[in-house]
Amino acid sequence: MSDVEVEFYWRPGCGFCSALRRPLMASGLPVREINIWEEPGAAERVREVANGNETVPTVVVGSTALVNPTFDEVKAAVAAETAA
């Protein structure tokens with residue numbers, strides 16, 4: 001697939017995170033799951049790209065940050081990063 005890493009910021013109990021996680025894990029993309037409640041600096045990183053909010057899921061692909069994206073939006077960001 002792609003060698004572009006997908007940073008997937010999530011937290012326990014988040015239904016939107018679970019809904020996005022399923023297709024991400026099945027996609028074959030290199031996904032790094034980051035729990036914002038456990039990983040130092042993760043919540044701050046999400047606030048940086050989400051207008052000060054801790055909105056999850058947040059996905060970072062290269063220089064592109066997506067807040068509460070669909071799986072199709074993540075795929076498009078990976079494709080754009082790969083083409084760059």
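Biologist: At about what angle to β1 does α2 run?

Modeller: This is a predicted model, in which local features need pLDDT of at least 70, side-chain atom pairs count only at pLDDT 80 or more, and totals for chains, interfaces and linings use all residues. Residues are numbered from 1 along each chain as its sequence is written, while side-chain values use heavy atoms, without hydrogens and water. Helices (H or I, at least four residues) and strands (E, at least two) are DSSP runs numbered from the N terminus. With axes as lines fitted to C-alpha atoms, for helices over the stretch in contact, and angles from 0 to 180 degrees between N-to-C directions, α2 lies across β1, β2, β3 and β4 and runs to β1 at about 105°.

Biologist: Nice! Which strands stand at the edges of that sheet?

Modeller: The sheet is open, with mixed pairing and the order β2-β1-β3-β4; two strands pair if DSSP finds at least two bridges between them. Two of its strands have a single partner each, so one side of each lacks a neighbour in the sheet. Those strands are β2 (31-35) and β4.

Biologist: By how much are neighbouring strands of this sheet turned against each other on average?

Modeller: Direction is ignored for this angle.

Biologist: Which residue in the turn of the β3 and β4 hairpin has a positive phi?

Modeller: β3 (residues 58-61) and β4 (residues 64-67) pair in the antiparallel sense over four bridges, with V60 bridging to A65 in β4. Two residues sit between the strands, and a positive phi of about 60° belongs to G62.

Biologist: Is T58 buried or exposed?

Modeller: T58 is in strand β3, and a polar atom of its side chain lies 2.5 Å from the backbone oxygen of T55. Beyond neighbours within four places in sequence, its contacts (heavy atoms within 4.5 Å) include F8, V46 and L66. Buried means under 20% relative accessible area, exposed over 50%, and partly exposed in between (1.4 Å probe, protein chains only). T58 has a value of 0%, so it counts as buried.

Notes:
A polar contact is a pair of N or O atoms within 3.5 Å; within protein, one must be able to donate a hydrogen and the other to accept it, and residues adjacent in sequence count only if both atoms are side-chain atoms. Contact means heavy atoms within 4.5 Å.
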